Amino acid sequence: MNVNTNYSFSNIYNNSKITSKNQLGKEDFLKLLVTQLKNQDPLSPMDDKEFIAQLAQFSTLEQMQNMNNSFNAIRAINLIGKSINANINENGNVRTVMGKVDTIYKQNGEYFLEVGNVDVPLDAVTSVSE
């Protein structure tokens, strides 16, 4: 299969939304797959087994992301009422926050803990106590 990967990948890379952790997501994977299908040689199309394998990879990726979202929700819910320590990066300065988690909320796919009047990203928590 001949695919113009330089053109296809650079267009996808420049036009796609990359997550804050610089990882390709399921939308990026689908864009790559569709571009691959669009640019394949019509006289020698992608093997059906190869296509099925790529769809299976996409399905696995989506399931893993769903499990990760569920895991983060459980982690956040379990912190309600517990005392935490967290390091928050505010404009290049690291701020330490300590206190009891009052509530949680989800914004733009990320979980936040409300500690007093401070919103703490779930990933910023460094320790937990009862």
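# Reading the helices, strands and loops of a predicted model

Buried residues make up 22% of the 130 residues in the chain, and the model in which they are counted is a predicted one.

User: What elements does the chain have, and in what order do they run?

Analyst: The chain has three helices and five strands, and from the N terminus on these elements run α-α-α-β-β-β-β-β. Of the contacts in the chain with a separation of 6 or more, 45% are accounted for by residues 24 or more positions apart.

User: What makes helix 2 roughly parallel or roughly antiparallel to helix 3?

Analyst: Two packed helices are described by the angle between their axes and the distance between the axes. Helix 2, which covers residues 26-38, packs with helix 3 at an angle of about 170°, and the two axes are 10 Å apart. Angles over 145 degrees count as roughly antiparallel, and therefore helix 2 is called roughly antiparallel to helix 3.

User: Which residues meet where helix 2 and helix 3 are in contact?

Analyst: From helix 2 the residues are Lys26, Phe29, Leu30, Leu33, Gln36 and Leu37, and in helix 3 they meet Glu50, Phe51, Gln54, Leu55, Gln57, Phe58, Leu61, Glu62 and Gln65. Sorted by class, this contact of helix 2 with helix 3 has eight nonpolar, four polar and three charged residues.

User: How do you know that the length of helix 2 agrees with its number of residues?

Analyst: The expected span is 1.5 Å times one less than the number of residues, so the 13 residues of helix 2 should span 18 Å, and since its end C-alpha atoms are 18 Å apart, the two values agree. Helix 3 can be set against the expected value in the same way: it has 31 residues and reaches 45 Å from its first C-alpha to its last, close to the 45 Å expected at 1.5 Å a residue.

User: Why are the buried residues of helix 2 said to line one face of the helix?

Analyst: The buried residues of helix 2 are Asp28, Leu33, Thr35 and Gln36. Seen down the axis of helix 2, these buried residues fall within an arc of 165°, so they line one face. The face of helix 2 turned away from its buried side carries the exposed residues Glu27 and Lys38.

User: Which residues of helix 3 are buried, and what covers them?

Analyst: In helix 3 the buried residues are Gln54, Phe58, Asn72, Ala73 and Ala76, and what covers the buried residues of this helix includes helix 2, strand 2 and strand 3.

User: Why is Asn72 called buried?

Analyst: Asn72, which lies in helix 3 (residues 48-78), has a relative accessible area of 17%; buried means under 20%, and Asn72 is therefore buried. Leaving aside residues up to four places away in sequence, Asn72 touches Tyr111 and Leu122.

User: How do you know whether Val118 is buried or exposed?

Analyst: Val118 is found in strand 4, residues 118-121, and its relative accessible area is 15%. Because buried means under 20%, Val118 counts as buried. Not counting residues up to four places away in sequence, Val118 touches Ile88, Arg95, Val97 and Leu113; the C-alpha atoms of Val118 and Val97, which are 21 residues apart along the chain, are separated by 8.0 Å.

User: What makes Asn91 and Asn108 count as buried or exposed?

Analyst: Exposed means over 50% relative accessible area, so Asn91, at 80% relative accessibility, counts as exposed, and Asn108, at 78%, counts as exposed too. Asn91 is found in the loop between strand 1 (83-90) and strand 2, whereas Asn108 is found in the loop between strand 2 and strand 3 (110-115). Asn91 has a positive phi of about 55° although it is not a glycine, and phi of Asn108 is near 55°, again a positive value in a residue other than glycine.

User: What does Thr96 touch?

Analyst: Thr96 is found in strand 2 (residues 93-107) and, not counting residues up to four places away in sequence, touches Ala86 and Asn87. Thr96 and Ala86 are ten residues apart in sequence and 5.6 Å apart in space, C-alpha to C-alpha.

Terms used: Residues are numbered from 1 along each chain as its sequence is written. This is a predicted model: local features need pLDDT of at least 70, side-chain atom pairs count only at pLDDT 80 or more; totals for chains, interfaces and linings use all residues. Side-chain values use heavy atoms; hydrogens and water are left out. Helices (H or I, at least four residues) and strands (E, at least two) are DSSP runs, numbered from the N terminus. Buried means under 20% relative accessible area, exposed over 50%, partly exposed in between (1.4 Å probe, protein chains only). Contact means heavy atoms within 4.5 Å. Axes are lines fitted to C-alpha atoms, for helices over the stretch in contact, and angles run from 0 to 180 degrees between N-to-C directions. Angles under 35 degrees count as roughly parallel, over 145 as roughly antiparallel, 65 to 115 as roughly perpendicular and the rest as oblique. Ala, Val, Leu, Ile, Met, Phe, Trp, Tyr, Cys and Pro count as nonpolar, Asp, Glu, Lys and Arg as charged, and the others, Gly among them, as polar. The arc is that of the directions from the helix axis to the C-beta atoms.
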